[in-house]
Amino acid sequence: MSSSAITLAQISDCHLFADKSALHCGVNVYNNLKRILTELSRNQALDYLVFTGDLSQDHSELSYQHFAELVQQANLKVPVYFLPGNHDDQALLDKYLTAPHFNRDKVIEHPNWQVCLVNSKGDTPAGFISEQSLGQLAHSVNREKSQLVFMHHHPVAVGYFIDRHGLTNASDFWQLLEQLPSVKAVACGHVHRGLTLLPESSGYPVVVHTCPATSIQFDPDCETVSALAQGPGYRLFTLGEKAALETQVNYLEQG
């Protein structure tokens with residue numbers, strides 16, 4: 001990658017509680033997020049951090065305060081962008097995720113790239129991208145650049161129980177992307193595992209990268225929420241010239 005490349009970190013699915021000591025499937029998710037943010041704060045190459053939703057597990061206002069405080073305490077030197085997940089309250093995101101530590105914009109512009117954030121929060125745990133949001137994405141795309149699209153819900157099947165809560169209008173999303181060949185990849189959260197789903201296997205026009213959770217990683221062999229014996233994780237993207245994209249998943253040891 002050239003010196004003009006940009007590096008983004010993606011975090012997702014923190015599932016915080018009002019009680020900092022509360023456990024989710026036996027895991028202290030508050031401490032996990034704190035450890036991830038501490039590691040990212042040491043990454044001198046990082047340009048942006050994108051959070052793709054599910055901040056709260058118990059829907060409490062305190063959980064949003066905890067998230068904002070942890071980001072501030074980490075002393076990150078980069079702007080933090082965010083999207084709602086199915087667990088999240090947009091009004092509380094807007095109340096607590098504010099400047100100077102957070103940026104509410106949904107497009108990040110660079111000479112060769114656009115990073116586009118798309119809201120997939122619906123009325124149920126499953127995802128839905130509104131006609132307005134699809135239109136905003138289509139309007140935002142500069143076909144002279146390459147795009148990386150972030151969202152919460154997964155628009156392709158991953159093969160375990162979370163598919164019951166995937167993107168319900170995925171066909172509309174993919175129909176749009178077929179008209180936008182400058183979109184090079186889609187990145188999402190929600191599935192609590194770091195996967196790469198290639199076009200030749202998914203049948204869709206671009207690669208889909210999913211993000212491990214900072215909370216727990218789902219056991220794909222269970223029919224409901226159950227945690228693997230695996231630590232918190234995040235995904236890194238490096239975007240370079242001529243549509244070059246590199247990505248890797250990093251996990252911390254179990255706390």
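Me: In which loop does Asn75 lie?

Reply: This is a predicted model. In it, Asn75 lies in the loop that runs between H2 and S5.

Me: What is the phi of Asn75, and is the residue buried or partly exposed?

Reply: Asn75 has a positive phi, about 55°, although the residue is not a glycine. Its relative accessibility is 46%, so Asn75 counts as partly exposed.

Me: Which loop holds Ala243, and what is the phi there?

Reply: Ala243 sits in the loop between S13 and strand S14 (245-251). Ala243 is not a glycine, yet its phi is positive, at about 65°. With a relative accessible area of 29%, Ala243 is partly exposed.

Me: How do I read the packing of two helices, such as H1 and H2?

Reply: Two packed helices are described by the angle between their axes and by the distance between those axes. Here helix H1 (residues 29-41) packs against helix H2 (residues 61-74) at an angle of about 30°, and their axes are 9 Å apart. Angles under 35 degrees count as roughly parallel, and H1 and H2 are therefore roughly parallel to each other. The crossing in which H1 passes H2 is right-handed.

Me: Which residues of H1 and H2 meet?

Reply: From H1 come Tyr30, Leu33, Lys34, Leu37 and Ser41; from H2 come His66, Phe67, Leu70, Val71 and Ala74. Sorted by class, this contact has seven nonpolar, two polar and one charged residues.

Me: At what angle do H4 and H5 cross?

Reply: Helix H4 (residues 131-140) and H5 have axes that cross at roughly 15° and come within 11 Å. H4 and H5 are therefore roughly parallel to each other. H4 passes H5 in a right-handed crossing.

Me: Which residues of H4 and H5 meet, and how do they divide by class?

Reply: Leu134, Leu137 and Ala138 in H4 meet Asp172, Phe173, Leu176 and Leu177 in H5. That contact divides into six nonpolar residues, no polar ones and one charged.

Me: What is a nonpolar core, and how many residues has the largest one here?

Reply: A nonpolar core is a set of buried nonpolar residues joined through side-chain atoms within 4.5 Å. The largest one in this model has 34 residues, and those with the most contacts inside it are Ile11, Leu37, Leu40, Leu49 and Phe67. Elements giving two or more residues to this core include strand S1 (6-11), H1, H2, helix H3 (90-96) and strand S13 (233-239). Apart from this core lies another, of 30 residues, with Trp174, Leu177, Leu197 and Phe218 among them.

Me: Which residues is Ile11 in contact with, beyond its neighbours in sequence?

Reply: Leaving aside neighbours within four places in sequence, the contacts of Ile11 include Leu33, Ile36, Leu37 and Leu40. Leu49, Val50, Phe51 and Thr52 are also among them, as are Cys211, Thr214 and Tyr234.

Me: Where is Thr214, and is the residue buried or exposed?

Reply: Thr214 is placed in the loop between strand S12 (207-210) and S13. Thr214 counts as buried, because its relative accessibility is 0%. Not counting residues up to four places away in sequence, Thr214 touches Ile11, Ser12, Asp13, Cys14, Asn32, Leu33, Ile36, Pro232 and Gly233.

Me: Where is Leu97, and which residues does Leu97 touch?

Reply: Leu97 is found in the loop between H3 and S6. With a relative accessible area of 0%, Leu97 is buried. Residues up to four places away in sequence aside, Leu97 touches Leu55, Phe67, Phe82, Phe102 and Arg104. Leu97 and Tyr81 are 16 residues apart in sequence, and their C-alpha atoms are 9.1 Å apart in space.

Me: Is the peptide bond from Ala99 to Pro100 cis or trans?

Reply: The bond from Ala99 to Pro100 is cis, and its omega is near 10°. Pro100 lies in the loop between H3 and strand S6 (102-103).

Me: Is Gly159 buried or exposed?

Reply: Gly159 has a relative accessible area of 66%, so Gly159 is exposed. Its place is the loop between strand S9 (146-151) and helix H5 (170-178). Gly159 and Asp19 are 140 residues apart in sequence and 33 Å apart in space, C-alpha to C-alpha.

How values were computed: Residues numbered from 1 in each chain as written. Predicted model: local features only at pLDDT ≥ 70, side-chain atom pairs only at ≥ 80, totals over all residues. Heavy atoms only, no water. Axes fitted to C-alpha atoms, helices over the stretch in contact; angles between N-to-C directions. Helix = DSSP H or I, 4+ residues; strand = E, 2+ residues; numbered from the N terminus. Parallel < 35°, antiparallel > 145°, perpendicular 65-115°, else oblique. Left-handed = near helix turned anticlockwise from the far one by under 90°. Contact = heavy atoms within 4.5 Å. Nonpolar A, V, L, I, M, F, W, Y, C, P; charged D, E, K, R; others polar. Buried < 20%, exposed > 50% of the residue type's maximum accessible area, 1.4 Å probe, protein only.
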